[in-house]
Number of protein chains: 2
Amino acid sequence: MIAKLIEEIKKKDAPVVVGLDPQLKFLPQHLLEDAMRHHAETMYGDDELAGVAEAVFRFNKEIVDAVADLVPAVKPQVAMYEQFGIPGMAAYWRTVRYCQEKGLLVIGDVKRGDIGSTSEAYARAHLGSVTVNGHRCRAFHEDFATVNPYLGTDGIKPFIDVCNEEDRGIFVLVKTSNPSSGEFQDVKTEDGRPMYELVGEKVKEWGEQSMDGDYSNVGAVVGATYPEQAKRLRTLMPHTFILAPGYGAQGATAEDLSGFFNEDGLGAIVNSSRGIIAAYTKEKYARFGSEGFAEAARAAAIDMIEDLRGAIAKRAD
Amino acid sequence: MIAKLIEEIKKKDAPVVVGLDPQLKFLPQHLLEDAMRHHAETMYGDDELAGVAEAVFRFNKEIVDAVADLVPAVKPQVAMYEQFGIPGMAAYWRTVRYCQEKGLLVIGDVKRGDIGSTSEAYARAHLGSVTVNGHRCRAFHEDFATVNPYLGTDGIKPFIDVCNEEDRGIFVLVKTSNPSSGEFQDVKTEDGRPMYELVGEKVKEWGEQSMDGDYSNVGAVVGATYPEQAKRLRTLMPHTFILAPGYGAQGATAEDLSGFFNEDGLGAIVNSSRGIIAAYTKEKYARFGSEGFAEAARAAAIDMIEDLRGAIAKRAD
C-alpha cells in the first residue's frame, strides 16, 4: 500500500495529507443548523449527536470535494468522531467511504495498540476483515492506520500480518509532535541513546517484514516540530515512510520539514488539519467567509503544497 | 470514582473485574445463529455485522446477569466490538448501558491516547460529555477508561481534567502483561532504572491532581504476569489503584498477585476475560455445555474470587 501512496504523491506532486479533524467549533453555523434540523434522532444516546454527526459528514464532504484533485490522502482523526458516539462513528465510516470513492487514500488516525488477539481485532477493524458465517466483512476499512508502540512487538505484529494479507499500511508513533513528547520518548537509555531511537530501530526491523517497493508498509509518525530528531531518524530508517504532523497550527515550517525527505524527494508525507479545514477562520483566508469554508480549504492546501515543493527542491539541491 | 469502585469491591468482597471481550469464537453457535436470523441489516457495511453484533450483546447480557451480584465491575475490550464496525460499536454502547443499569462499574478498555484537543475528545467520548446546542451529550459514558502514556502529559492531562469535572477515573498503562512488554517498558534508562518506573512515577504525580479518598482516580495497568515489577511499583505508587490483567489465561496465579495489594487488602483489581466468559470451553466447566455458558461464567467467577481472597488473606498475615 505504501507504493500506492507514493504513486499518488508523485502523480499529484504533493506530499500532503489533509487532516479531517472536524472539531465542533470549526463547523460553520449554517451547516450545523441545517443538519440539526434534518437529523434529530438516534437510537444511541442524545439525539443532538445525530445532528452534529450529519454536520460533520457534510463538512468533510465539501472539503473533500474541494481538495480531492490536489492531495493524495486524507487523515481523519477518529477521536473527533468518537466524541459524538455511535452517530459520530457512523460519520467516520461514511467519511472513509466517501474519500475512497473520490480516489483518496485514507490514513485512519486511530493510534490503536494492544496485544495479541486484541491487537488483531483492531487491525481487522481498521485495515482487514472479519469472517462471519463464511462471509468476509469489513468494519472501517481505512488504507493506513496509526499505531502506538508502547506494548512492543506483540502489539505491532498482528497489524503487520493484516498489512501483508490485505496490502495495507501502518504508521507507528516514534517521536510525536507535542511539547511533552520528550517525557518518555527522549529519555536517555543506558547506552546514551534516546528512547525514540530504540523505537525507530524497531520500526525499521518490523518494516523489513512488509516491504512494498523501496519503502515499507510499516511507516513512522515523527512530528514536524522536531526537525533535528527527524534528521537522525531519517538516517536510521532509510526505507521507512514518515507521516509528519505539526505543520502550520503546531508551528512547524516547510524549512523544518526538509530533513524529513530522502534524496529522492520522497520518504515523508506532511499533515495539516486545522490549517486547511479551518482556514476560513484565519485572517489570511477570511475573504471566503464561513459559507466558503471549502474554497478556503482549497486555497490553503494549494499554499501548503507550494510551500513544501519549495522545501523539497531545496533539499534536492 | 475510585472511591466508588473501592466501596463496591468491599461490598462484594471481590477485587475482580470480568473482561467482556467477546471474540467470535467464544459465541455459542445457538446464540449466534438465532441473532443472525433476526438481525440481518445494517446501513454501515456488510449485513452480517448486524447479526454478529446482536449476538455479542446477547452473550454479554447473559454473562452480566449471571455475575452482577458477584463482582464490582466489568471491562469491555472495545477492539472486540470495533472489529464489527458500527453495529459492533453499538453493541459496545448497549453493553456499557446495560452493565451500568445492573449496578456494575464499567472500565472501558480503550487504551486511547493522543494530544491536546484530540485527547480531550477521547476523554469526552468515553468519560465526559460534549455540549451541542447547549445540550450536554454523552457518547459512550464508561466510568473508567484505560489510557496509553507514550505521548506524555499532553495526552493524560485532558483525561484528568474530565475525571475531575465528571468524577471518573483512568488506568494508565505502566507495565503491560504481554511477553514483549519489556522491549520498551523494561529498557534501562541512564540512571539504571527501567522505563516503566519512570512511567510509574509520572502516574503517581498525575494522580496527585485527582485524589478521591485514599486512592487517586488516576490508576495504573500492571500485568499480573510481572509480580516482581508490581511489588516495586506498589511501593513507588502507594496511592495508585492497579488494574491487573493476565490472571488465568495469560498464566498468572493468585500467588503472583499478592504483591499487588496494599496492607489494607486494597489497591488492585484483577481482570479475567477468557477465563470467565469462555469458561464453558474449558474442561473444568465443560459440564455446563455451550447452552450453559453464563452459568459456567458464574462458576468460574466464584472460583476466581475465592482464589484471590486466599491470596489477599495471606498478604495480610
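The following conversation goes through a predicted model and asks on what grounds some of its features are named.

Colleague: What makes the two chains count as copies related by a two-fold axis?

Modeller: Chain A is superposed on chain B by a rotation of 180 degrees with 0.0 Å of shift along the axis, and the RMSD is 0.0 Å. The two copies are thus related as by a two-fold rotation axis.

Colleague: How do you know through which surface each copy meets the other?

Modeller: Of the interface residues of chain A, 100% are also interface residues in chain B, so the copies meet through the same surface. The contact takes 75 residues from chain A and 75 residues from chain B, and the area buried between the chains is about 6,400 Å², with 64% of that given by carbon and sulfur atoms. A:Glu82, A:Tyr150 and A:Phe184 supply 14% of the area that chain A buries against chain B, which is more than any other three residues supply.

Colleague: Which polar and charged links are found across that interface?

Modeller: Between chain A and chain B the count is 37 residue pairs in polar contact, both residues being at pLDDT 80 or more, and the rule finds six salt bridges across the interface. By class, the side of chain A that touches chain B has 37 nonpolar, 23 polar and 15 charged residues.

Colleague: Why is the pair B:Glu183 and A:Lys202 called a salt bridge?

Modeller: The closest N and O atoms of B:Glu183 and A:Lys202 are 4.0 Å apart, and the rule asks for a side-chain nitrogen of Lys or Arg within 4 Å of a carboxyl oxygen of Asp or Glu, so the pair is counted. The pair crosses between chains, from helix H8 (residues 182-185) of chain B, where B:Glu183 lies, to helix H9 (residues 195-207) of chain A, where A:Lys202 lies. A salt bridge is also found between the side chains of A:Glu183 and B:Lys202, at 3.9 Å from N to O.

Colleague: What makes the salt bridge of A:Arg112 and A:Glu82 a link between separate parts of chain A?

Modeller: The closest N and O atoms of A:Arg112 and A:Glu82 are 3.0 Å apart. A:Arg112 belongs to strand E3 (residues 105-112) and A:Glu82 to helix H4 (residues 79-82), so the pair ties together parts of chain A that are 30 residues apart in sequence. Both A:Arg112 and A:Glu82 are buried.

Colleague: How does the pair B:Asp303 and B:Lys284 stand by the accessibility cut-offs?

Modeller: This salt bridge has its closest N and O atoms 3.4 Å apart, and it runs from B:Asp303 in helix H13 (residues 293-316) to B:Lys284 in the loop between helix H12 (274-277) and H13, so that parts of chain B 19 residues apart in sequence are tied together. B:Asp303, with a relative accessible area of 33%, is partly exposed, and B:Lys284, at 55%, counts as exposed.

Colleague: Why is A:Thr176 called buried?

Modeller: The relative accessible area of A:Thr176 is 4%, and buried means under 20%, so the name applies. A:Thr176 is found in the loop between strand E7 (169-175) and helix H8 (182-185) of chain A. Leaving out residues up to four places away in sequence, A:Thr176 touches A:Ser181, A:Gln185, A:Gly223, A:Tyr226 and, from the other chain, B:Leu151.

Colleague: What makes the link between A:Thr176 and A:Asn178 a polar contact?

Modeller: Their side chains come to 2.6 Å, and a polar contact asks for N or O atoms within 3.5 Å, so the distance meets the cut-off.

Colleague: What is remarked about phi in A:Asn133 and B:His141?

Modeller: Neither residue is a glycine, yet phi is positive in each, near 50 degrees in A:Asn133 and about 60 degrees in B:His141. A:Asn133, in the loop between strand E4 (130-132) and strand E5 (135-137) of chain A, is exposed at 56% relative accessibility. B:His141, in the loop between strand E5 (135-137) and strand E6 (144-147) of chain B, counts as buried at 16%.

Conventions: Residues numbered from 1 in each chain as written. Chains lettered and ligands numbered in written order. Predicted model: local features only at pLDDT ≥ 70, side-chain atom pairs only at ≥ 80, totals over all residues. Heavy atoms only, no water. Contact = heavy atoms within 4.5 Å. Buried area = accessible area lost by both parts, 1.4 Å probe. Polar contact = N/O pair within 3.5 Å; in protein donor to acceptor, adjacent residues only side chain to side chain. Nonpolar A, V, L, I, M, F, W, Y, C, P; charged D, E, K, R; others polar. Least-squares fit on C-alpha atoms with pLDDT ≥ 70 in both. Helix = DSSP H or I, 4+ residues; strand = E, 2+ residues; numbered from the N terminus. Buried < 20%, exposed > 50% of the residue type's maximum accessible area, 1.4 Å probe, protein only.
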